[in-house]
Amino acid sequence: MNTKISKIAILIGIVGLTACSEGKKDNRKWFKGNLHTHSYWSDGDEFPEMIMDWYKTHGYSFVGLSDHNILAEEEKWVKVIKSKMYEDGFQKYLDKYDSQWVTHKLDSGRILVKLKTYKEYKPLFEDANFLIIQSEEISDRFEGKPLHINVTNVKERIEPQGGTSVSDVMQRNIDAVLAQRAKTDTPMFPHINHPNFFFAVSVQDLIDLHGERFFEVYNGHPMVNNYGDSLRPGTEQMWDMINIAYTKKNQPLIYGLATDDSHNYHQVGSAYSNSGRGWVMVYADSLNPSSLISAMENGDFYASTGVILEEVTINNNSLTIRVDPSDNVNYTIEFIGVAKGEEQSRVLKTVSDVTASIDLSADYLFVRARITSDKKKENPFKDGDFEMAWTQPVVFPADSGKKP
Ligand SMILES: [Zn+2]
Ligand SMILES: [Zn+2]
């Protein structure tokens, strides 16, 4: 990863501003990670070791294996589906990790495999360049609507909390995460999964929440309706609508994640949820959960489906984006935001280049950047998708325009 960043300053929430002071050594660098994926521990169709191996050998620095309502800590056996594809999958697993490591047996012609726990598979992969963060996808419902909230760096399994409305169920689950964070004194955060999965969560449901800082602006699962439909907004539009409401109630801005939500490891294509579709790039000083979570809560990260950034800088009242370009690929940088007094976000400035800046001294509620390439995404969420990136919204202090 090319990291030429000399400094990065990210605005927090509504009034906070952090900046690296001149002369202070900045040891931060970019770490690539996927915080949402599934395995045989719930409804994914692969063994954790095979999944971790894929991410580690594809340039990721960290992964959260986030199975539904379960932590990989008990004894669990899976029965391999009786089909050539899954039996071949098991054979590959056995060939890779040998029969010393893999615990399995035959029962009435079916292969039974004991899954490795988090504590067992973690040391097989972790080193200075790779981290596995214990995670869970709390998978709740209200009147049949699936309401899912990820917890990154969870310490104890969290039961779905239930509730009396969509937002009440979500709030109770968010509160359960925050309560565990306080109780264990361990950094962890909830993030809202795929709000448009079955169009279960409306913009108003999300506006009603508090205490959450992240949601999935992009999720690679084919059923999540990232782009909305003719009647309902896509997640990117929802993002701005939520943040307009949050700024009005002095609530910290919500940040956008891209995740894989991968379940399918033996079939590839737009009908399946595969690894490699969406991830985050976190600008942190070291590869551990505390450092990554702290950076993300500061907004020091961006979401990507392929576009890599060299620089995201706020300096001299301007937000500057610099792409780390691939050969023969063209980029369009759009700054999207809401001018004070306006009720909707719009594209404030468009630049077809690898670098662009926008003056933040004008009165904006917030500004973010979307970078679109003309490189087609391989194995995309939707046919025709281009590789993209989204930086986090920033708010300039109200009096900043008066500064020299
Ligand atoms: Zn989900
Ligand atoms: Zn999921």
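In which order do the 3 strands of the open sheet run? The order is 15-16-19. The views below show a predicted model.

**View 1. Three strands form an open, antiparallel sheet.** Strand 15 (309-315) and strand 19 (355-359) are the edge strands. Each of these two pairs on one side only. From one strand to the next, the twist averages 10 degrees.

**View 2. Strand 15 pairs with strand 16.** Strand 16 covers residues 318-323. The two strands are joined over 6 bridges, in the antiparallel sense. One residue pair to look for is I314 and L319. L319, in strand 16, is the bridge partner of I314.

**View 3. Three residues donate to the zinc ion (ligand 1).** The protein donors are E137 through OE, H148 through ND1 and H194 through NE2. They lie 2.0 to 2.2 Å from the zinc ion. Along the sequence, the donor residues follow the spacing E-x10-H-x45-H. H148 belongs to strand 9 (residues 145-152), while H194 sits in the loop between strand 10 (189-192) and helix 5 (203-207), so the pair ties together parts that are 46 residues apart in sequence. Are H148 and H194 buried or exposed? Both are buried, with under 20% relative accessible area.

**View 4. E137 coordinates two zinc ions.** One is ligand 1 and the other is ligand 2. How far apart are the zinc ions? The distance between them is 3.4 Å.

Methods. Residues are numbered from 1 along each chain as its sequence is written. Chains are lettered from A and ligands numbered from 1 in the order in which they are written. This is a predicted model: local features need pLDDT of at least 70, side-chain atom pairs count only at pLDDT 80 or more; totals for chains, interfaces and linings use all residues. Side-chain values use heavy atoms; hydrogens and water are left out. Two strands pair if DSSP finds at least two bridges between them. Helices (H or I, at least four residues) and strands (E, at least two) are DSSP runs, numbered from the N terminus. Axes are lines fitted to C-alpha atoms, for helices over the stretch in contact, and angles run from 0 to 180 degrees between N-to-C directions. Donors are N, O and S atoms within 2.8 Å of the metal (3.2 Å for Na, K and Ca); water is not among the atoms, so sites may look incomplete. Buried means under 20% relative accessible area, exposed over 50%, partly exposed in between (1.4 Å probe, protein chains only).
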